[in-house]
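Subject: A structure for you to look at

Hello,

Here is the structure I promised to pass on to you. Please open it alongside this email, and then read on for what turned up in it.

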Amino acid sequence: MSDAPAPETAFKQGDRVEILGLKAKPQYNGRVGSVIGYHRSKGRYAVILPPDNVSSSCPKRPKLNVRPVNLKLASKEKAGVGFPVYLWVYDLSNGMAKTLSKQLIGKQIDGVWHTGLVVYGYEYYFGGGIQGCKPGSTQAGNPVKKLPLGTTYVSQASFHAWLRSESSKYTPKTYDLIKHNCNNFSDAASNFLIGKSIPSYITGLTSDVLSTPMGKFLQPMLSNLHNQHQAAVPWADGELSLPPLGEGKLDENEEKHDSEEETKKEETGKLEKKEADLSRFAPLMDLVASQAKANADGASGAGVTQGQIEALAALAKKVSRS
């Protein structure tokens, strides 16, 4: 009886593997890639390879479905240098969504998410075009989550080449709050770097919320939140603004803030959050007043009930006094 592992357990997601013995596509023999999944019905592993042509103006990453017999774990020398990829998640509502959503739209929403990918020591995101900057230095403030996505073996130069090839898709004119936003960019970049998507609860949030009557009513405020964030971005001389090449992992000082500095930031953040909440409630309360008048006049609105309007007004006053 063989002691060999079952085909589906021979390799795990993220393993660096070398391809060998392919007859149909011999040009890939000897190439090293990363396992991104296993197709049980096909009995094959999904493997993503580095770009075929690093110098190409539009680099593509081949994805192959390979039988276990045609794979082996790559040696340390062949595996190459990996760079951790993180998804930094920001709540543009500063906690307002978590406080108000259940009462307004009937479901709990924990935040209005903006995201950026942190890799090679920089943060990449879609804001007035594709941007790159020191992690945490954007107008979005401090992230509420830092999710590890995996490890990429794509060089920073190759990633920048891909960003340049995609830049026409991510401009102020192409931005759409529902269908083409910062989270869609993070998702596309994650697929290029590591061959997998970001969590669906982030990419699907906007359409879920705005499909409700109250969501449509709140759309102007959500658009305003995103517009405020995009109004000031670092290095935003044009639609594409990338940091200098100099790939490297984040050092400990960048990953873990000094405790004293963090305390000062928290104290300052509380004051800034208070001011931001009051500022962001202003256009929302204008919408409430407008809808309330429309209800009083008997005009057809966005399907927002008088009870929802009163609940929103009460919550707004509560938050403004906190």
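Predicted model: local features only at pLDDT ≥ 70, side-chain atom pairs only at ≥ 80, totals over all residues.

Which strands pair with β7? One is β6 (residues 83-91), which runs antiparallel to β7 and is joined to it over 6 bridges. Within that pairing, W88 has G116 of β7 as its bridge partner. Another is β8 (residues 122-126), also antiparallel, with 3 bridges to β7. Here V118 stands opposite E123 in β8. β7 and β8 make a hairpin with 2 residues between them, and Y120 in the turn has a positive phi of about 60 degrees.

Y120 turns up again among the aromatic rings: ring pairs link it with F83, Y124, F159, W162 and F192 in a cluster. The whole structure holds 11 aromatic pairs. In one of them, F159 and W162, the ring centres are 6.1 Å apart and the planes meet at 15 degrees, so this pair counts as stacked. Why are these two about one helical turn apart? They sit 3 residues apart in helix α3 (residues 156-166), which means that about one turn of the helix separates them. Both F159 and W162 are buried.

Two arginines also lie over rings. R61 is over the face of F192, a member of the cluster, at 5.9 Å from the ring centre. The charged end of R16 sits over the ring of Y153, 3.7 Å from its centre.

There is also an open sheet of 5 strands, in the order β4-β3-β2-β1-β5, with antiparallel pairing. At its edges are β4 (63-66) and β5 (71-73), each with a single partner strand, so one side of each has no neighbour in the sheet. From one strand to the next, the twist averages 45 degrees. Inside this sheet, β1 (residues 16-19) and β2 (residues 32-39) pair over 3 bridges, and V17 stands opposite G33 in β2.

Is T171 buried or exposed? Its relative accessibility is 7%, so T171 counts as buried. Beyond its neighbours within four places in sequence, T171 is in contact with F126, G129 and E239.

Happy exploring!

Note on methods: Residues numbered from 1 in each chain as written. Heavy atoms only, no water. Phe/Tyr/Trp six-rings, centres within 6.5 Å; stacked < 30°, edge-to-face > 60°. Helix = DSSP H or I, 4+ residues; strand = E, 2+ residues; numbered from the N terminus. Buried < 20%, exposed > 50% of the residue type's maximum accessible area, 1.4 Å probe, protein only. Lys NZ or Arg CZ within 6 Å of the ring centre and 35° of its normal. Contact = heavy atoms within 4.5 Å. Pairing = 2+ DSSP bridges. Axes fitted to C-alpha atoms, helices over the stretch in contact; angles between N-to-C directions.
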